[in-house]
Amino acid sequence: MEICQRLLTVLSAFLTCFAGSAWTARWSHSTYLSPEYRLLWSLGPGPQDITFELQVKTMGYVGFGFSRDGRMAGSDMVVGWVDQGQVYFQDRHVKDSPGSALDREPEVDPSQDYQLLLGYENSTHTVLRFRRRLDTCDHHDIPITNDTMRIVWAFHKDEPTGGAVGPKSLPRHALANRGAQSLYLVQRADQDGPSPEETVKVWEMRNPAVEPPSIPGDTLYWCRVFRIPPSINKKHHLIRYEPLQSVSGTNGLQHVVLYECQDNPVVEKLADTPGRQCHEAHSQPFMCNTVVASWAKGSEGFSFPPEAGYPLDSTNKYYLMETHYTVPMDGNVGSIDGSGLRLFYIPQLREYDAGVLSIGMDPNWRHIIPPGQNRVISSGHCVSDCTKQAFPHGGINMFAIVMKTHKIGKQVALKHLRGNVELPPVASDDNVDSDYQEYRKLEVPVRILPGDHMITECTYNSSGRSAITLGGLTSREETCLVMGLYYPRQKSLAACHSLPSLPTVLHSLGIQELSPGSNPVRIAAPPELAGMTLESRLVSYDWDNQFQSFQEATMRGSFKPICWTSQLTLLPGTDKESHYPNISKPYIRNAGDQCSYRRFSTEGWPSGTQVVEVEGNHIEGVTRSKVSRSSSPAHEESLGLSRFNSASKATSSEVILVTVAVILVWFNR
């Protein structure tokens, strides 16, 4: 009898553990692509795998995939639905050929590289879980990399009859039930909570009700200044921030950026007011340049690593929250009312203060981007004299970054030089989206030592513009910056920028000399340009034929370092003209690793993601795996922890029987 009781106790504990580990899924990340469409994902279970789950409020078909530019044409996607107790799941692609892709139906791939794990319906939702390799080496599939990924999604209230895959078999989805969203899939911060020893306090920053623009596509940049709460009367650490507004209220909200401000009359006057539009004509600058938090549509927020927190204290009394809102094209006007950020901070200080360092081009008219070009490169330097003077002896550890361009930015890389050797880039993105800018976590913090030289290199596509683009703060102008979160914080250097020197700019425009004291500024030499204004030369320059010489002059000409302190003064002795460093050993990206996976993140491995295995789920053509159909009410269905299906039940039962037999043998030894 005693043996039986012991057996039952052990078996009960085993079943509890088994059920908790084998029949639930743990997700590292989730976001809503629309109010009806939830995406969950984790890297794993293998080091080169990624696992997804779609939870969509529909009883019809669901589509999900990737695009190089946000268009359906050329996209790589899966389509799935549940019908009469069966799940249909297909790896498809959309041809990138001339003509409109609006009515072009995704075709089934010859190679099925997405592996179905689970599928079912309840009374309201369709749920699909699947995995794929980060790079399947199939030319119809788009590799999942550290770059900004363009997600495409769609769903319909109806589904094809049976497993039909022929032309016109998919019901055409409405424009309201499809879309594209930029996301970082692999370089995302874990959403860890505080440790049990940490006492968390909350500071909510909310926007007021503001009249939005009325024309679809128009934008609103709203700036509101917040005074630090009186309760923060000593140093605390910011450890996490997240968006305030729920998904149902974010229609049109693009991003929210929080800046730390210097005390000045402009921000003092705006503190505790509803705020104003950010870029009013003839308004004074806010003098708020340090990015503390950056949320973009699709972001979950950001958690600092357990060893560091961003210091909040009365030394910096004011914070500026900039909110970017775009009127939706469907005319369904939303509001920024109630949107904002929720900051989590603690009085118990962590080991390190975190800081923010801006690296790149100083916003200025000398940053010139010619029109009509597919590829224009600009470089902003953080010179070794600046890092040598500012950084501590052991260097700094950069653990997260935001890459910032405006509308025509396409690629950004933060290059890292030590002496004459170019190290692997701190971060790079070959597919940036100016409307999607949040802090992305580096897989391993990068150590940057005193004397290291960093270069923010930005690539632009100006082929759609007929006039030059100049550097500046507005969205019509351009910028080239990387904001890096790091520890331990140093207080000497807040922004490490550069600008092309005036001789470099003039040389790039074929100008030898300016007329001293002229207003407007006029050209003195060469003779054929004498008397022309500098502005006229910028507008009338023959960019088509002179672009290569311009590009060479700006890349290899002299530049002026601008090493700003937090008080907006320059580090002494760092403003002498410099040239692009002489690199004796350049970094060469390994071109042979396209399908060896060495360039991809392995966040979450080796523990991986625990997912339900489905028996016989090797995909050949159209997959048909039997699943159970639930008619239970929606509130009884846990969409966060997906149900297992009948195939996995059978396999699990066999495991349990074998385990019981092993336990019986053990007790009867």
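**Disulfides, aromatic contacts and cavities**

Student: Is cysteine 480 buried or exposed?

Tutor: Cysteine 480 has a relative accessible area of 0%, so it is buried. Please keep in mind that this is a predicted model.

Student: Which cysteine forms a disulfide with cysteine 480?

Tutor: The partner is cysteine 458, and the two sulfur atoms are 2.0 Å apart. The torsion about the S-S bond is 95°, and the link between cysteine 458 and cysteine 480 is right-handed. In the chain, cysteine 458 belongs to strand β30 (residues 453–460), whereas cysteine 480 is in the loop between β31 (469–470) and β32 (481–487). The two cysteines are 22 residues apart, and the pair links distant parts of the chain.

Student: Why does cysteine 458 count as buried?

Tutor: Its relative accessibility is 0%. The limit for buried is under 20%, so cysteine 458 qualifies.

Student: How many disulfides does the structure hold?

Tutor: It holds five. A disulfide is a covalent bond between the sulfur atoms of two cysteines.

Student: Where do cysteine 382 and cysteine 496 lie?

Tutor: Cysteine 382 is in strand β25 (residues 376–382) and cysteine 496 is in strand β33 (residues 495–500).

Student: Why is the disulfide of cysteine 382 and cysteine 496 right-handed?

Tutor: It is right-handed because the torsion about its S-S bond is about 85°.

Student: What is the distance between the sulfur atoms of cysteine 386 and cysteine 563?

Tutor: The sulfur atoms of that disulfide are 1.5 Å apart in the model. The angle about the S-S bond is 45°, and the link of cysteine 386 and cysteine 563 is right-handed. Cysteine 386 sits in helix α3 (residues 384–390) and cysteine 563 in strand β36 (residues 559–564), 177 residues apart. Cysteine 386 is buried, as is cysteine 563.

Student: Let us change topic. How many aromatic pairs are found in the whole structure?

Tutor: The search finds 22 aromatic pairs. One of them is formed by phenylalanine 89 and phenylalanine 130, whose ring centres are 5.3 Å apart. The planes of these two rings are at 40°, so the pair is tilted. Phenylalanine 89 is in strand β6 (residues 86–93) and phenylalanine 130 is in strand β9 (residues 126–133); the pair links parts of the chain that are 41 residues apart.

Student: Are phenylalanine 89 and phenylalanine 130 buried or exposed?

Tutor: Both phenylalanine 89 and phenylalanine 130 are buried.

Student: Which residues form an aromatic cluster?

Tutor: One aromatic cluster is formed by Tyr241, Phe302, Phe304, Tyr352, Phe399, Tyr439 and Tyr487.

Student: Which ring does the charged end of arginine 440 sit over?

Tutor: It sits over the ring of tyrosine 184, 4.0 Å from the ring centre. In another contact, the charged end of arginine 489 is placed over the ring of tyrosine 310, 5.3 Å from its centre.

Student: Which element supplies the largest share of the lining of the largest cavity?

Tutor: That is β25, with five residues. At least two lining residues come from each of β25, α4 (502–508) and α6 (543–556). By class, the lining of the largest cavity consists of 10 nonpolar, nine polar and one charged residues.

Student: What lines the second largest cavity?

Tutor: The lining is made of His255, Val257, Tyr259, Val291, Ser294, Val402, Lys404, Gln437 and Met483. Two or more of these residues come from each of β15 (253–261), β17 (288–296) and β26 (396–404). The largest share, three residues, is from β15. The second largest cavity holds about 80 Å³ of space, and its lining has five nonpolar, three polar and one charged residues.

Technical notes
Residues numbered from 1 in each chain as written. Predicted model: local features only at pLDDT ≥ 70, side-chain atom pairs only at ≥ 80, totals over all residues. Heavy atoms only, no water. Phe/Tyr/Trp six-rings, centres within 6.5 Å; stacked < 30°, edge-to-face > 60°. Helix = DSSP H or I, 4+ residues; strand = E, 2+ residues; numbered from the N terminus. Buried < 20%, exposed > 50% of the residue type's maximum accessible area, 1.4 Å probe, protein only. Lys NZ or Arg CZ within 6 Å of the ring centre and 35° of its normal. Disulfide = S-S within 2.5 Å. Nonpolar A, V, L, I, M, F, W, Y, C, P; charged D, E, K, R; others polar. 1 Å grid on protein atoms, 1.4 Å probe; cavity = no way out; pocket = protein on both sides within 12 Å on 5 of 7 lines; lining within 4 Å. Points joined across faces, edges and corners; volume = space filled by probe spheres on them.
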